[in-house]
Structure formats: C-alpha cells, structure tokens
Amino acid sequence: MADTDFIPLPQSAGYAVLVGLGGVFAVGMMLTTYLLKRYNKEIITAEEFATAGRSVKSGLISAAVVSSWTWAATLLTSSTQVYKNGVFGSCGYAFGATAQITLFATLAIKAKERAPSARTYMEIIRARYGAPAHTVYIIWGLATNFMVTIMLITGGAATVRDLTGMHPVASCLLIGLSPTVYSVFGGIKATILTDYAHTVVLLIIILVFGFVTWATSPVLGSPGVVWDLVTRAGELYPVEGNHEGSYLTIHSRSGGIFFVITIASAFGNVFLDNGYYNKAFAANPASAYKGYILGSLAWLPIPAFCSLTMGLAGLALERTEQWPLKRPMTPEEVAAGLVLPNTASALLGKSGAVLSLIVTYMACTSAMSSELISVSTIVTYDIYRTYIHPTATGKKLIFISHISCGVFAYFMAAISIGLYYGNVSLGFLYELMGILSGGAVMGSVMTILSSKQNWQAITFSPPIAMSLAIMSWLVVCKTKFGSITYDNLFQDDAMLTGNVVSLLFPLITIPLFTFIFKPQNFDWKLLETRITKVDETEELMEATGKRHRDNEKLNPVMSDISVIASNLAESRRAKYSQDQMQLHKAFKTTAIVCVVVTICLVILFPMPLYGSKYIFSKKFFTGWVCVFFIWTFYTVFQVGIYPIWEGRATLFHMARGIYWDCTGQSHKLYEWQDSHPEDLHAVQSQIIAQLSQENSAGAPEVFESSVANDSRIDYQLSDEKK
C-alpha cells in the first residue's frame with residue numbers, strides 16, 4: 001500500500017473512535033442487557049445467548065440483516081467500483097448482493113419450520129447425514145466467518161490508517177474490542193440491538209454525504225453539476241471496456257464481470273454464514289421471512305446510493321483543489337478501498353474525514369458482532385457439545401461461548417495484521433471469497449429444501465468444487481497473463497472463472513452423487529427429535545433464586561422453572577401448531593416473491609440497459625439519483641422507525657419499571673412480573689424445543705448421541721428399515 005501524502009486527522013481521532021466510541025457502545029449494550037434482565041425478565045442462558053428466545057420481531061430482524069450485510073466492503077468496495085467503472089459499479093454491487101438476502105428468506109422459513117430447535121444449520125446437517133458431512137460444513141462455515149471477519153478488519157484498518165495515520169496493527173487489535181465485549185455480555189440479543197443502533201448512525205451519515213453532494217456543496221451541489229464533471233472525466237480519462245469510455249453507462253465490461261463475481265461470492269457469504277441462520281432462528285415464526293425480505297429491500301440503497309454518491313463525487317473532485325491528496329490516487333490506494341474516505345475529506349474537510357471514520361467503524365463492528373456470535377455458536381454446539389462434552393449443561397456452554405468469542409476476535413486480528421504486511425487488499429479478499437466458499441452453497445440449500453440429497457453428495461461436492469475452482473483460477477491466470485502473480489490473480493477474467501466454477505459445479509456433482517448412491521428420502525420429523533435442547537435448569541434456578549432473595553413475596557411457581565416451562569408449553573401448544581402451519585403455507589408465497597424480486601434485480605432491470613449501451617442523459621441521471629435517494633428514506637423507516645413502533649410494548653414495560661425503581665415502588669415491578677409468568681423470556685427456547693419434540697413424537701426413529709462418532713449415517717427411511 002502506498003504511503004499517504006495527506007492525513008486529515010490526528011492519531012488521537014482514531015483512538016477516540018476505536019476506544020472511546022467503541023467503549024460507549026459496549027457500555028451501552030451492557031446496560032441494555034441489564035435493563036432487559038431486570039425489567040423484561042430476560043436471563044442470558046446458553047439458548048438465550050444463541051437464539052434470543054426465538055422471539056425477535058421483523059423490524060429488528062430486518063435491521064440486523066441490514067447491519068450484518070453492511071460490511072466495510074459494502075461501503076468501500078462499492079465506492080471503488082463506481083470510481084473505476086462508473087454507475088454500473090453501484091447497481092452491480094447492490095443488485096448482485098441483494099438477491100442472496102432475498103432468496104435466503106425461503107431458507108429461513110423452511111429452517112424454522114423443519115428444525116424449530118436448531119441453533120446452527122450444521123446441526124441440521126448432522127441430524128441428516130452424520131459426522132462426515134457435519135465436519136465438512138463446520139470447516140466451510142468457519143472459513144466463511146474467518147474470511148468475512150478478515151475483510152472487516154483489514155478494510156477498517158486501511159481506512160483508519162488513511163484518515164488518522166494510526167498504526168494498522170493497533171487498528172486491527174482495537175476494531176474488534178467493543179463488539180467482543182458486548183457480544184460476550186449480551187449474546188445475539190445485544191448484537192441485534194447494537195446492529196439497530198449502528199445502522200441508524202450509518203444511515204444518518206450516508207444521508208449527510210448525499211445531501212452535501214447532490215444539494216448543498218458549493219463545488220458540486222446538484223446531479224447536473226456532477227453529470228457535467230463526470231462526463232468530462234470520461235472524455236479525458238475514458239474507461240476501458242465502457243461504451244465510449246463513459247462512466248455514465250451500464251454497458252461496462254469490468255463492471256459486468258464484477259456483477260457476476262458479486263453474485264457468485266455473495267451466495268457463499270450469506271448461505272454459509274451461520275450468522276444469518278442465527279437471526280432466522282432468533283426470529284419468531286411470523287417474522288423470519290418478513291424480516292429477510294424487507295431487510296433485503298432496505299439494504300439495497302445503502303451500497304447503491306452511498307457508492308453512487310461517493311464514487312462519482314470522487315471522480316468529479318479528484319483533480320480539483322478540494323481533493324485532499326493533491327494528486328490522483330494510486331492503484332494500491334484504490335484497491336485498499338480509500339475512495340470513500342478521500343472523497344468525504346474533499347466534500348467536508350475534517351468533518352468528512354470524521355464521518356467516514358465513524359461510518360466505516362460502524363460497518364465493521366456491527367458485522368463483526370454477528371460473526372462473533374456465529375462462530376461462538378458453531379464452536380459451542382457443533383464442536384464442543386457434539387464431539388467433546390455431549391452432556392454439558394447450559395452454564396458450561398455459555399462459558400465456552402464467551403471464550404470462543406474472545407479467542408476468535410484476536411485470532412482474526414493476528415491474521416489481518418499478517419495480511420496487511422503482505423499487502424493483500426480488501427478487494428482481493430472480497431473476490432477470493434466466492435472461489436473458496438461457493439462449492440458448499442448448493443449442498444446447504446438442498447439440506448433444507450430437498451429430502452433426496454444423500455450424504456455423499458453433500459460431503460464430497462464442496463472440496464471437489466473448490467479444488468476445480470482454484471485450478472481454473474490459476475490456469476486462466478497463467479494462460480491469459482503469462483505468470484501467476486498477485487496482480488494477475490486479481491484480474492477480472494481469472495477471478496470470474498474461479499467464482500463461477502466454484503458456485504456452479506455442484507449443480508453437476510450433487511445430482512450425480514444422489515443418482516449413483518440413491519436418494520436419502522429423509523423424514524423431516526426426525527429433525528425435531530435429533531436436535532435436542534440444552535439443560536439450563538441450573539442457570540434458570542440461580543436466576544429465579546436470586547429473584548426470590550430479592551423479593552420474599554415471589555409467586556411460588558416462579559421458583560420451579562420446570563413447572564413454568566410445562567405450564568407455558570401447555571398453553572402455547574395450539575399457538576405453536578398454528579405457527580408451524582403458517583410457516584408451511586407462507587413458503588410458496590415467499591418463494592414466488594423472492595424469485596420475482598431476484599429476477600428483476602439480476603436480469604430484467606440491468607440487462608436491457610447493458611445491452612442498449614445507453615449513456616445516461618442529464619435528466620435520466622437526475623432521476624436515477626432521486627430514485628435511490630428516496631429509496632434510502634424507505635430504509636430509514638424500515639430499520640430506524642419501524643422497530644421502535646414494533647417494540648413499543650417492551651419499551652413501555654422497561655420505562656415503567658425504571659420509573660417504579662426510581663420512585664421507590666420496586667414491589668410493583670415484582671408483582672407485575674410474578675403475575676405474568678408467560679412473559680418469562682428465558683424459557684422461550686425451552687418451550688419451543690419441548691413442543692417440537694412433542695409434535696414429532698410419532699417419528700420412526702430417535703437419534704442417539706453415539707451416532708455423532710459414526711463414520712457415516714445414511715438414514716434411508718424405507719419400509720424395510722422402519
């Protein structure tokens with residue numbers, strides 16, 4: 001990475017954001033966790049840590065989806081693509097990466113229906129196929145989390161260094177500090193609530209950039225002025241592969257290749273990242289698919305509008321007096337994702353530098369907290385509880401979850417430091433992701449959607465596809481560019497080939513293995529008995545015992561958690577059956593909506609503009625900007641305002657409890673809590689697990705813990721084996 005000539009902020013600003021602002025969020029989330037525990041009867045058990053009681057509503061789910069899918073790459077790489085390739089870089093990133101979140105809604109709804117007690121999608125794989133396939137997907141799932149986290153840290157560290165001169169080693173070590181602290185204390189609930197807060201801050205800053213660029217800047221100030229300057233830039237420095245070298249056309253060869261790479265790599269990022277399944281399992285049944293569909297539509301304008309604004313503003317300002325570097329950026333600086341921070345400095349001076357530093361930090365830490373919970377859940381349930389200590393209590397499991405969060409965060413920081421000194425850029429890691437992960441996507445999808453796929457198909461397809469993808473990547477690099485070097489491996493054609501082979505080759509191997517080794521014909525009811533609940537009696541009794549000591553008038557039933565769970569299960573049996581039926585009925589409608597939206601985003605909208613080679617007129621460009629500007633306000637409503645309205649009852653209970661405490665009426669709090677045992681949040685997961693196992697009582701086979709160590713499992717539920 002080239003040295004930066006101009007550093008707009010002192011190093012103290014970097015430490016203030018990474019330590020000071022991060023500390024504010026950490027303390028705030030720890031306080032929120034305490035308030036939820038005191039006033040909303042939430043107890044952080046192992047299940048609560050991983051699933052938030054499976055009761056999160058659609059507004060917070062959509063906010064969490066938006067936050068988790070808004071990485072450093074979402075803002076930095078998309079802005080880089082607009083700077084390099086023009087307007088297609090904006091919709092290429094946004095449309096190409098929205099499709100996966102939209103389509104994931106179908107998996108979310110089926111996973112909730114077929115495995116209501118699951119904490120990870122690997123648990124479903126183990127319940128169906130046994131240890132070999134389970135091990136393969138643990139490796140691929142963790143590798144996905146590793147790659148995403150490394151991208152977050154390296155992209156964030158590069159931006160902090162560019163803006164403040166802060167040493168990148170310090171940045172790598174400090175970026176993960178705050179999310180590690182509040183994730184350890186609050187689990188996925190704290191992560192989701194922090195996602196909400198981060199997303200609100202991020203949207204405010206993006207809107208500030210938008211208003212300055214398109215309305216108030218003395219240098220730019222309108223879409224027409226930007227159009228004039230960008231048109232001039234295309235005449236002076238035409239883009240190779242764009243129609244007439246223009247930045248204002250969708251017909252872009254490099255942009256089109258990046259579009260396909262984004263589609264391929266994003267499938268692996270979403271469908272193999274257990275963080276998205278964590279949120280699906282945390283949602284209540286009616287919220288799972290709504291949260292993902294609404295979240296995907298709310299996420300799209302973030303990269304589309306932000307990159308359109310900052311990428312084109314960077315092109316317009318790069319050779320003016322406002323540009324902070326006083327020279328064009330080097331290819332290394334562009335690849336590192338420094339278009340956005342430099343453009344922000346050009347637009348708003350030091351204020352812009354501060355805002356870009358904050359927005360990048362928000363994007364990094366919100367997505368990283370999701371990765372922390374994802375990895376801790378895999379380590380806790382798929383490794384420790386499955387292969388090391390199958391009878392571990394909830395108290396032991398939550399200890400393992402805490403340890404795994406801290407170890408993972410700083411293991412990733414160490415790797416990111418190594419990649420920094422190896423000069424590996426954010427853009428390279430982003431495009432490499434699909435080559436390494438794409439081969440496992442189809443197997444994970446078919447695990448939830450198809451009863452036919454057998455253990456051979458899901459176990460052998462990922463390593464075969466990845467091996468062929470890497471080979472194709474290297475072969476194209478060697479034959480087309482003459483040698484295998486870092487720069488040549490980063491070329492469009494080589495990356496495109498590797499990504500496409502990785503994603504699509506399982507379309508051959510999975511049907512082939514299923515045909516050769518016979519379909520599995522799996523009975524979905526078995527998932528409800530093979531994925532078992534955790535014994536959390538110890539933690540819950542400790543918590544209720546403390547309440548008993550605090551309040552001598554405690555209702556006697558509250559001292560017996562098993563009685564509470566049984567009573568609530570009895571009262572909610574009809575509601576549980578209704579929820580499962582609702583999920584089943586909603587699947588077809590959800591699938592149709594998701595497929596239609598995806599076809600519109602990937603084919604119907606961009607392809608005609610690409611084929612027509614249309615260069616945006618000034619009026620068309622103005623309308624284009626206005627559409628994404630307005631769409632961003634929908635995002636503000638969906639992930640900023642709607643969750644507050646949806647959670648108004650919880651906020652009311654909390655505010656009333658705080659008032660009672662402050663006015664010396666704490667006894668009213670205990671009386672209200674004791675008269676509403678159905679609201680005891682900590683037993684929600686226990687109730688769902690109990691109801692799911694009751695619902696599958698007639699299943700033909702019970703999964704014994706010993707099969708986890710079998711070399712293979714082939715559950716053929718034919719009449720003979722029954």
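Me: Buried means under 20% relative accessible area, exposed over 50%, and partly exposed in between, with a 1.4 Å probe and protein chains only. What makes helix α6 largely enclosed by the rest of the structure?

Reply: The model is predicted: local features need pLDDT of at least 70 and side-chain atom pairs count only at pLDDT 80 or more, while totals for chains, interfaces and linings use all residues. Residues are numbered from 1 along each chain as its sequence is written, and side-chain values use heavy atoms, leaving out hydrogens and water. Helix α6 covers residues 121-129, and nine of its nine residues are buried, so the rest of the structure largely encloses it. Among them are Y121, E123, R126 and R128.

Me: What makes T120 a cap of α6?

Reply: A side-chain oxygen of T120 lies 3.4 Å from the backbone nitrogen of M122, at the N-terminal end of α6. A polar contact is a pair of N or O atoms within 3.5 Å; within protein, one must be able to donate a hydrogen and the other to accept it, and residues adjacent in sequence count only if both atoms are side-chain atoms. The distance of 3.4 Å is therefore within the limit. After α6 comes G130, with a positive phi near 95°.

Me: Why is the pair of F88 and Y610 called tilted?

Reply: Rings of Phe, Tyr and Trp (its six-membered ring) pair if their centres lie within 6.5 Å; planes under 30 degrees apart count as stacked, over 60 as edge-to-face and the rest as tilted. By this rule there are 39 aromatic pairs. F88 and Y610 are 6.1 Å apart centre to centre, with 55° between the planes, and form a tilted pair. This pair links distant parts of the chain, with F88 in helix α5 (residues 87-114) and Y610 in helix α28 (residues 606-612), 522 residues apart.

Me: Is F88 buried or exposed, and how is Y610 classed?

Reply: F88 has a relative accessible area of 2% and is therefore buried, whereas Y610, at 24%, is partly exposed.

Me: What makes the pair of F267 and F271 tilted?

Reply: Their ring centres are 5.4 Å apart and their planes stand at 40°, so the pair is tilted. F267 and F271 both lie in helix α11 (residues 253-271), four residues apart, or about one turn of the helix. An α-helix has 3.6 residues a turn, so residues three or four places apart point the same way. F267 counts as buried at 17%, and F271 is buried at 4%. Ring pairs link both into a cluster that also includes W69, Y121 and W299.

Me: How do you know that the charged end of R319 sits over the ring of Y237?

Reply: A charge sits over a ring if NZ of Lys or CZ of Arg is within 6 Å of the ring centre and within 35 degrees of the ring normal. The charged end of R319 is 3.8 Å from the centre of the Y237 ring. K110 lies over the face of F587, at 4.7 Å from the ring centre.

Key. Helix = DSSP H or I, 4+ residues; strand = E, 2+ residues; numbered from the N terminus.
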